[in-house]
Amino acid sequence: MSGAVAATAPAVLDGCDERPVLRQRGQREVFCGLTGIIWLHRKIQDAFFLVVGSRTCAHLIQSAAGVMIFAEPRFATAIIDERDLAGLSDANDELDAVVTQLLERRPDIKLLFLVGSCPSEVIKLDLSRAAIRLGQRFSPDVRVLNYSGSGIETTFTQGEDACLASLVPVLPNSDESQLLVVGALADVVEDQFARIFTAMGLSNVRFLPPRQAADLPPLGKGTQYLLAQPFLSDTARALEERGATRIAAPFPLGVEGTTLWLQAAATAFGIAPAAFRAATEMAQERGKRAVGNQRALLAGKRMFFFPDSQLEIPLARFVSRELGMEVIEAGTPYLHKQHMAEELALLPQSVALSEGQDVERQLDRCRDAKPDLVVCGLGLANPLEAEGLTTKWSIELLFTPVQGYDQAGDLAELFARPLVRRTRLVV
Amino acid sequence: MKLTLWTYEGPPHVGAMRVATGMEGLHYVLHAPQGDTYADLLFTMIERNAKRPPVTYTTFQARDLGSDTAELFKNAAKEAYERFKPQALLVGASCTAELIQDDPGGLAKALALPIPVVAVELPAYQKKENWGSAETFYQLVRAFAKKPEKRERAPGERPSCNILGPTALGFRHRDDVVEITRLLDRLGVDVHVTAPLGATPADLVTLGDADFNVVLYPETGMVAAQYLLRTFGQKLTKTVPIGIGATRDFIREVAELAGVDATAVLEAEDSRLPWYTKSVDSTYLTAKRVFIFGDATHAVAAARLARDEMGFTVVGLGTYSREFGREIREAAALYGIEATITDDYLEVEAKITELQPELVLGTQMERHIAKRLGIPCAVISAPVHVQDFPARYSPQMGFEGANVIFDTWVHPLMMGLEEHLLHMFRDDAEFHDEAGASHLGGSTIPSAPAPAPTAAEAPEAAAILVAERPVVWNEAAEKELKKIPFFVRGKARRNTERFALDHGLSDITVDTLYDAKAHFGR
């Protein structure tokens with residue numbers, strides 16, 4: 001992609017691409033990209049996500065939200081019915097009517113995403129044209145964008161990638177030098193990072209996605225971007241098409257990951273080592289202490305990751321290096337070798353990687369390996385517990401603030417809690 | 001296209017999953033895109049099943065659409081058979097697979113597997129979850145049930161019935177089956193097969209051997225029961241035994257169908273509901289205005305129980321089960337009201353807001369609506385929530401079910417009363433916010449002077465909904481209104497304003513409030 005990648009990569013990087021990857025195709029027990037709406041609508045507080053899809057889509061989002069909070073949410077589904085399919089009604093007219101009804105109800109909405117689904121893709125409903133048409137009608141009050149969160153196009157977190165990529169073309173132009181942190185982070189984590197960047201003397205820092213639709217960060221040749229999440233390949237490509245360059249780094253999970261991530265930004269912007277140290281030292285120590293509290297319990301424990309969010313490789317690196325755990329298999333739905341290069345360089349060679357899934361065969365491998373802890377989706381967790389394995393549901397890693405120094409201990413604790421629970425129970 | 005915030009039912013293939021997951025020895029191969037596996041978590045997380053649903057998904061992606069999704073389906077079906085060795089295979093498509101028209105039934109039959117294959121076509125753009133359960137169960141019964149050989153019952157042999165309708169992920173189905181099986185046993189009737197829940201395809205073959213069918217859940221079991229009536233002449237029960245009266249009717253109906261004497265069972269009736277509801281402690285339940293919404297079976301049963309056994313007034317009755325529109329309209333006519341038949345959550349919310357009932361009996365969705373409006377609520381029907389699978393035995397049907405319902409409905413009213421008492425006493429020396437709990441021996445701090453009411457104080461959800469109030473409340477009247485229990489305050493406000501409007505008053509005083517109270521008082 002760009003020459004800057006190799007220049008800023010950590011020195012330990014060597015031969016990382018040589019490790020074998022088990023690629024399987026079979027049943028994939030994963031969410032589709034629509035699921036990302038659950039955290040994205042909390043993040044962008046004046047955005048509304050309208051899925052154009054089937055009852056299945058509506059049911060998925062409300063089920064995946066886990067606790068159904070039946071307040072009026074900032075997401076909904078325009079459910080396609082037989083009349084739309086039979087051509088008895090014009091799907092575009094229908095969609096326009098639904099959007100009008102929605103925006104009349106919710107005048108507080110400033111940004112509307114039309115989110116494509118499996119059925120809308122298969123019937124080739126052109127949501128990009130619909131977005132332009134509706135954007136013109138509701139301009140300037142509401143901006144209308146579109147992306148696909150369909151299962152045939154996206155796996156779980158790739159929905160966020162598609163959403164952020166759809167924002168890139170509307171970011172205002174500026175070639176001024178700035179750091180752009182890309183990927184949805186919990187507000188509390190974002191604020192912590194912003195404080196650290198300020199403390200090291202890096203003042204021009206923006207975040208994507210923004211908390212308010214009106215607060216879009218500018219973008220241009222002076223933009224260097226740092227991925228806060230490992231699943232943003234389309235967004236990265238779109239940013240680079242507009243002149244931004246990527247700062248290669250591992251991801252900010254665990255103390256080490258957070259330090260290397262912040263360090264990569266500091267280096268790219270010529271921050272003096274002393275200023276970097278001063279800005280991060282205390283938090284690093286605090287983070288190490290918090291992680292250390294969990295290490296005694298977790299060190300030596302054997303772990304198995306089912307593919308889910310693409311966070312698996314950074315997490316495997318964290319638990320191996322900072323908690324002394326042994327990772328048997330790190331499954332990922334998709335392996336982006338370039339964005340993952342710095343992570344793979346740090347990951348012990350003993351960790352087996354797998355990409356994609358054939359869930360029955362992977363369950364066989366998992367049972368054979370008898371790990372102490374399995375990280376997997378909600379469909380598999382209880383059945384594995386019933387077989388005697390200890391599990392951690394992976395979706396919690398997306399909903400809980402886990403990035404940064406002050407969450408490193410929380411992240412370790414997420415893995416420790418199921419094991420602690422097993423030791424406490426005498427039933 | 002229809003704007004949907006929340007949905008009462010899933011798509012029809014989820015209904016098929018409820019049948020397959022309830023059964024043993026059946027495996028469902030579902031042609032579906034990546035992501036549709038989310039449905040597994042309904043069973044493993046909400047119902048806390050220890051086993052994964054017996055479902056294999058093809059999870060096709062965009063790249064497969066260009067090549068051969070049919071081949072993908074055939075492989076999935078073949079591998080599922082080899083791995084799980086089921087007695088029979090159920091095959092079908094989810095909404096997206098329906099559009100690509102691969103014909104799972106034809107493809108599966110072409111594999112020539114050594115087991116029966118049942119194909120179900122569930123039109124995802126017309127139908128919903130309960131319909132999907134009913135259709136799937138019907139197709140399975142049609143495929144497997146064999147015509148029984150004619151034979152006379154041996155002397156001393158007990159009559160038998162099937163229990164039809166219970167599924168996985170059903171609202172209290174697990175415990176209802178136990179309760180009704182016990183009741184039938186006391187009547188001297190054996191349960192031959194319970195299906196779908198707990199049945200195998202082999203069990204379905206013998207359905208015709210029972211003397212009659214007990215249809216516990218018409219939403220899922222009625223289509224199959226009617227097929228069995230048409231084909232084998234097997235009679236079926238029409239009463240759903242929820243509540244004391246309905247349970248008694250059910251006992252009489254079963255006795256008639258089975259040719260047994262029910263007198264002893266009716267006399268030995270052991271429910272506490274009849275006495276509890278007659279005891280003076282229950283007087284305050286009299287004429288409470290209730291709004292009822294759920295699947296048709298539970299809603300209709302709740303309305304009868306509410307009026308006849310709790311002494312409530314049914315002010316609203318509705319269902320999201322459009323297939324049972326006629327039944328719910330007939331029921332509503334008994335209470336002199338119009339039925340609300342809709343699957344639009346916003347419409348239900350508007351109706352509850354308009355009626356301002358004192359108790360809502362609904363689904364988890366109505367529970368949230370009621371919470372926002374400050375109205376007590378109890379859950380009577382699916383869609384299910386993890387709380388609808390309690391650890392304890394908690395049926396809705398039969399005499400024990402009536403006990404459970406009595407407690408469940410009274411509890412939120414009690415809580416409302418307690419909350420009101422806490423509000424009333426909150427400025428007392430012992431109760432105000434800064435005071436320690438008196439029973440813990442904490443010192444009593446004198447009450448702070450009453451703070452001026454702020455906008456943030458006591459958010460009255462009901463009041464917010466009345467956007468532009470046509471009349472003005474003076475300060476004293478507003479204060480007086482606050483003394484009314486919060487769960488009836490919305491109604492009091494609404495009645496007073498209507499009274500003022502009707503009488504051409506633009507200001508509401510304390511007197512207006514009490515004039516309205518006298519006017520509308522029951």
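In this predicted model, A:Thr77 stands opposite B:Thr4, a residue of strand β1 of chain B. In general terms, strands of a sheet pair through backbone hydrogen bonds, either parallel or antiparallel.

**Contact between chain A and chain B**

- The contact takes 50 residues from chain A and 47 residues from chain B.
- On the side of chain A that touches chain B, at least two residues each are supplied by α3 (55-64), β3 (75-79), α4 (82-85), α5 (91-105), α6 and α16 (378-386) of chain A, and α3(A) gives the most, with eight residues.
- Sorted by class, the residues on this side of chain A are 28 nonpolar, 12 polar and 10 charged.

**One residue that touches the other chain: A:Val122**

- A:Val122 lies in helix α6 of chain A, which covers residues 118-122, and this residue touches B:Thr96, B:Leu99 and B:Ile100, when residues up to four places away in sequence are not counted.
- A:Val122 counts as partly exposed because 19 other C-beta atoms lie within 10 Å, whereas a buried residue would need 20 or more.
- Along the chain, A:Val122 and A:Ser150 are 28 residues apart, and their C-alpha atoms are separated by 9.9 Å.

**A parallel sheet in chain B**

- Four strands of chain B form an open sheet with parallel pairing, in the order β7-β6-β8-β9.
- At the edges of this sheet are β7 (190-195) and β9 (235-236) of chain B, each of which pairs on one side only.
- Strand β8 (residues 212-215) of chain B pairs with β9(B) in the parallel sense over two bridges, and B:Asn213 stands opposite B:Leu236 in β9(B).
- Helix α10 (residues 218-232) of chain B packs on the sheet, where it touches β6 (160-164), β8 and β9 of chain B, and the direction of this helix makes about 165° with that of β8(B).

**Domains of chain B**

- Chain B is divided into domain 1 (12-137), domain 2 (160-267), domain 3 (273-421) and domain 4 (458-520).
- The centres of domain 1 and domain 2 of chain B, taken over C-alpha atoms, are separated by 28 Å, and 19 residues of domain 1 are in contact with 17 residues of domain 2.
- On the side of domain 1 of chain B that touches domain 2, α1 (12-22), α2 (40-46) and α7 (129-144) of chain B each supply at least two residues, and α7(B) gives the most, with five residues.
- That side of domain 1 of chain B has nine nonpolar, six polar and four charged residues.

**Nonpolar cores**

- The largest nonpolar core has 275 residues, of which A:Leu50, A:Leu226 and B:Ile292 touch the most other members.
- Helix α14 (residues 296-310) of chain B provides the largest share of this core, with nine residues.
- Among the residues that A:Leu50 touches, leaving out those up to four places away in sequence, are A:Ala76, A:Ala78, A:Val99 and A:Phe113.
- A second, separate core has six residues, including B:Ala500, B:Ile508, B:Leu513 and B:Ala516.

Key: Residues numbered from 1 in each chain as written. Chains lettered and ligands numbered in written order. Predicted model: local features only at pLDDT ≥ 70, side-chain atom pairs only at ≥ 80, totals over all residues. Domains from an automatic or database assignment. Contact = placed C-beta atoms within 7 Å. Nonpolar A, V, L, I, M, F, W, Y, C, P; charged D, E, K, R; others polar. Buried ≥ 20, exposed ≤ 12 C-beta atoms within 10 Å, placed from the backbone. Pairing = 2+ DSSP bridges. Axes fitted to C-alpha atoms, helices over the stretch in contact; angles between N-to-C directions. Core = buried A, V, L, I, M, F, W, Y, C linked by C-beta atoms within 7 Å.
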